[in-house]
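Work through each task before reading its solution.

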Amino acid sequence: MINKETVDRIFASANIVEVISDFVQLKKKGVNYQACCPFHNEKTPSFVVSPSKGLFKCFGCGKGGNAVTFVMEHENMTYPEALKYVAKKYGIEVAERELTPEEERRNDDRESMMVVSSYAAEYFAKTLHETPEGQNIGIAYFRERGFSDATILAFGLGYCPGGGDTFTRQALKEGYKEEFLAATGLTIKREDGTYYDRFSTRVIFPIHGISGRVIAFGGRTMRTDKKVAKYLNSPESEIYHKSDVLYGLYQAKRAITQEDCCILVEGYTDVISMHQSGIENVVASSGTSLTEGQIRLISRFTKNVTVIYDGDSAGIKASLRGIDMILREGLNVRVVLLPDGDDPDSFARKHNATELRDFILGHEEDFISFKTRLLLDEAQGDPLKKAALISDIVQSISVIPDAITRSVYTRECAKQMEIDEQVLLREIALKRVERSAGSEAKEFVRRQEILRGRELPPTAPTLQKQVMPGSSTEELERELIKYLVKYGDQSFDYKEGKETVQLNVADVIIGDLENNGIRLANSAYRTIYDEYKQLWEAGEQIEMHRFINHADPTVATAIVDLLTYDDNYTASKLWQKHDIIVESEQDRLPVAVPRVVILYKSKVIETIIVELQHKLCNEELSEEELGTVTHQISALNQERILIAKKLSRLIL
């Protein structure tokens, strides 16, 4: 942590014109300086720097701040990183709190791995350019791909020589430690103590972190043996987490900011060829499924993503499912489909920047419309496939956080699919009610059960132990079943964007519990729920006398208690804890039904957390098991925080 005295010195020493001039060409205009804004694309300068006030302001996009916040925004640094950057520029020694021995060791290890990776990148590049093997194999391959010398240098491309352990032997000879060569995955140590270069006889694509340091490598084999993996990446390490890295982002980040758009492709050569053709705001997920970490990384630079698909790609539909994550993060997604037989690499090599840009602008369409059109073509004449398509589209629209955007897409899809807009709105509303607890994974409870390493028989409670009567969990289960049996056939108004749709009480309760794999703990309530659900799904009329006269006396007693329960007292006791004031039973449904489902879900999570905390007391747990349990508790607590934020209330 940087102390206050050092922070004050940094701000006192920083000349905002000097700092910003490192990144932007400023022109003096009166007492201020002007430039075209580095944060958005513009032709007329609206970016102003005031040396007397020590601030900058763009009157086009609205960004503004001081010297340190400029570095944070422009270089996507954290506040401490930006402070250190400015401090280094002015020769200020940064005083921080003393690290613990464990923190020092970890930092030293990370830095050692970074140093080893930097050395490897230089070694591979030197081997490519200065050895006959590198030139004959590596350079020949890159030439075949159409890469120029400037492009090869810009991306730091290289070659790892054959011989099995040539790189490792040289690295050890130059003083680099075996433990860090192995930790980065560059070197594989066999059981007999000999070494093997992970990337032997492969051309090398260095993977840079956001600051430009090399953190990992991708290698393409030059062998024709089909048993050998075509591409091989560095393994996960202390410095490389593939789910949080996008290939080419370091080279593309400034262009992404200026264009206010990120083009997403699949592989290394796609990025490089498009970059060489003049389209620089392009990154790749490196052949892996897109992750939430990668999406959040993009959102630091822009809210607009254009995904380019191969014209004959068989995996388009599989990829579409991953793009729902981009929509969920609030980003705008557009899709470009290339001509048959082309991928971004081959297409870019045939066209210059203007042609590429014109093609993208002329052929991109919003993701929802693209998905609708693609799946409609497949579902023609088949009502079952069309029903599945509607469900698929509803899922995608429902994850979009902005109500206006959801409304626009709903209207457009209703037209394309020739379906009543109200039907779509209702289905979307149901999906959003299910998701309203903040959980992004429908089956998070089932997932946590698997993590806890147990599989319970279907007839037993799968989520929590039997609770004592009068507990909050039991009270919530009572509320769920009460609303189900008394009002299951009734509907309530639910606000979906600017529209109001009607949702059925039974649909909401049954849909949410089933989608999340939740089973009630109380055996009587569970029996009532299971039988009610069976009748509901069969479309049969549900008569209360079948429960009142149930063969199981505990079920009969429970249903009589529910039907004769003092509703006004229940509402006062349960809902006043959450500052919810309603006037009548009917008025309570739009508020009470969704919230009781959410609160119950929170209680399920809380019960799992308690059980995991008890597990931590087991002294026989290994260090790895201890870490796993701690991580599970942390993840579940985050889930509860999301629920609390959604409710804007304390959790029972």
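**Exercise 1.** Is K371 buried or exposed, and what is its relative accessible area?

Solution. The model is a predicted one.
- Step 1: the relative accessible area of K371 is 2%.
- Step 2: buried means under 20%, so K371 is buried.
- Step 3: the side chain of K371 forms a salt bridge with that of D392, with an N to O distance of 2.8 Å.
- Step 4: D392 belongs to helix α17 (residues 383–398) and K371 to helix α16 (residues 367–379), so this pair ties together parts 21 residues apart in sequence.
- Step 5: D392 is partly exposed, at 29% relative accessibility.

**Exercise 2.** Determine which parts the salt bridge of E75 and K253 ties together.

Solution. 
- Step 1: the side chains of E75 and K253 meet at 3.7 Å, N to O; the cut-off is 4 Å.
- Step 2: E75 lies in helix α3 (residues 67–75) and K253 in helix α10 (residues 249–259), so the bridge connects parts that are 178 residues apart in sequence.
- Step 3: E75 has a relative accessible area of 16% and is buried.
- Step 4: K253 is buried as well, at 9%.

**Exercise 3.** Classify R169 and D165 by accessibility.

Solution. 
- Step 1: R169 and D165 form a salt bridge through their side chains, 2.9 Å from N to O.
- Step 2: R169, at 47%, is partly exposed.
- Step 3: D165, at 18%, counts as buried.

**Exercise 4.** How many salt bridges does the count come to?

Solution. 
- Step 1: the count comes to 20 salt bridges.
- Step 2: R145, D345 and R349 are joined in a salt-bridge network.

Notes:
Residues are numbered from 1 along each chain as its sequence is written. This is a predicted model: local features need pLDDT of at least 70, side-chain atom pairs count only at pLDDT 80 or more; totals for chains, interfaces and linings use all residues. Side-chain values use heavy atoms; hydrogens and water are left out. Helices (H or I, at least four residues) and strands (E, at least two) are DSSP runs, numbered from the N terminus. Buried means under 20% relative accessible area, exposed over 50%, partly exposed in between (1.4 Å probe, protein chains only).
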